[in-house]
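Biologist: I have a list of labels that I would like to understand. Could you show me the structure and take me through them?

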Amino acid sequence: MKKKYWHIEAIFLTVIDIVTLVFAHFLGLWLRFDLRISMLPSQLLDDFVSLLLVLVGTGLFFLWYSGLVTSVWRMSMQREMLKIIWTVTAIEIVQILLAYSTFGWGMPAMYYVMGCCLTMFAWFFVRLAYRHIRYLHRAPCELHFMTNAKSNWLRMMGLFCKWKLLSAL
């Protein structure tokens, strides 16, 4: 059964993805300077702000292009995990190329590395958390086994009952 308002969920979760993308890159820059805003050079903050449009634009494009906007919300599979890795890597490569070719400068390496790692972690967490929240609101305290053997392993992590009891793994 197809959900009636799936597009609202997709928009909401896309906004969460973009916010985590921006926050992860800011956190990577902040970690570079020992978690002290006062040590951040104003030039780097200005560069970060000017790269935000590139970051958000490439993020939206690659989220749409990889199909993560609509496909991952219902179940988390290895294919979607690989899509996340590919998408974040593509975003970083495009951001680095545009920063050096358009602006003639780049950010510190910690900004790119930590931004990439934190974005992947956040997107994995958001998708798994969303999936488990959906299982918690299913039918009361029943085990949900799929009859389709191809995707049986996908539900192993999601065998919850309404009272948040972990079933058999």
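Modeller: What follows goes through the labels one by one, with the rule behind each.

Modeller: This is a predicted model, where local features need pLDDT of at least 70, side-chain atom pairs count only at pLDDT 80 or more, and totals for chains, interfaces and linings use all residues. Residues are numbered from 1 along each chain as its sequence is written, and side-chain values use heavy atoms, with hydrogens and water left out.

Biologist: How many helices and strands does the protein chain have, and how are they defined?

Modeller: The protein chain has five helices and zero strands. Helices (H or I, at least four residues) and strands (E, at least two) are DSSP runs, numbered from the N terminus. Along the sequence the pattern reads α-α-α-α-α.

Biologist: How do you know that the span of α1 agrees with its number of residues?

Modeller: The expected span of a helix is 1.5 Å times one less than its number of residues. Helix α1 has 27 residues, so its span should be 39 Å. Its end C-alpha atoms are 39 Å apart, which agrees.

Biologist: What makes a residue buried or exposed?

Modeller: Buried means under 20% relative accessible area, exposed means over 50%, and partly exposed lies in between (1.4 Å probe, protein chains only). Of the 169 residues in the protein chain, 38% are buried. In α1 the buried residues include A10, L13, D17 and L21.

Biologist: Why is V15 called partly exposed?

Modeller: V15 lies in α1. Its relative accessible area is 48%, so V15 is partly exposed.

Biologist: Why is V49 called exposed?

Modeller: V49 sits in helix α2. Its relative accessible area is 54%, over the 50% cut-off, so V49 is exposed. F26 is 23 residues away along the chain, and the two C-alpha atoms are separated by 9.7 Å.

Biologist: What makes a nonpolar core, and which residues have the most contacts inside the largest one?

Modeller: A nonpolar core is a set of buried Ala, Val, Leu, Ile, Met, Phe, Trp, Tyr and Cys residues joined through side-chain atoms within 4.5 Å. The largest one has 24 residues, and L29, M107, Y111 and W123 have the most contacts inside it. Helices α1, α2, α4 (78-103) and α5 each supply at least two residues of this core. Helix α2 gives the most, with seven residues. In soluble globular proteins, nonpolar side chains tend to be buried together.

Biologist: Which residues make the nonpolar surface patch?

Modeller: F61, W64, Y65 and W86 make a patch of about 530 Å². Patch residues have over 30% relative accessible area and no salt bridge; like charges are joined within 9 Å, and nonpolar side chains (Val, Leu, Ile, Met, Phe, Trp, Tyr) within 5 Å. Areas come from the Shrake-Rupley method with a 1.4 Å probe, and for residues only the protein chains shown count as cover. The largest share, three residues, comes from helix α2 (residues 42-66). Y65 is in α2. At 53% relative accessible area, Y65 is exposed.

Biologist: Why is the pair of D17 and R127 called a salt bridge?

Modeller: A salt bridge is a side-chain nitrogen of Lys or Arg within 4 Å of a carboxyl oxygen of Asp or Glu. For D17 and R127 the N to O distance is 2.8 Å, so the pair is a salt bridge. D17 is in helix α1 (residues 6-32) and R127 in helix α5 (residues 109-136), so the pair links distant parts of the chain, 110 residues apart. Both D17 and R127 are buried. The structure holds one salt bridge.

Biologist: What is the phi of D34, and where is D34?

Modeller: Phi of D34 is near 55°, a positive value in a residue other than glycine. D34 is in the loop between α1 and α2. Its relative accessibility is 53%, so D34 counts as exposed. L35 is found in the loop between α1 and α2. L35 has a positive phi of about 60° and is not a glycine. At 44% relative accessibility, L35 counts as partly exposed.
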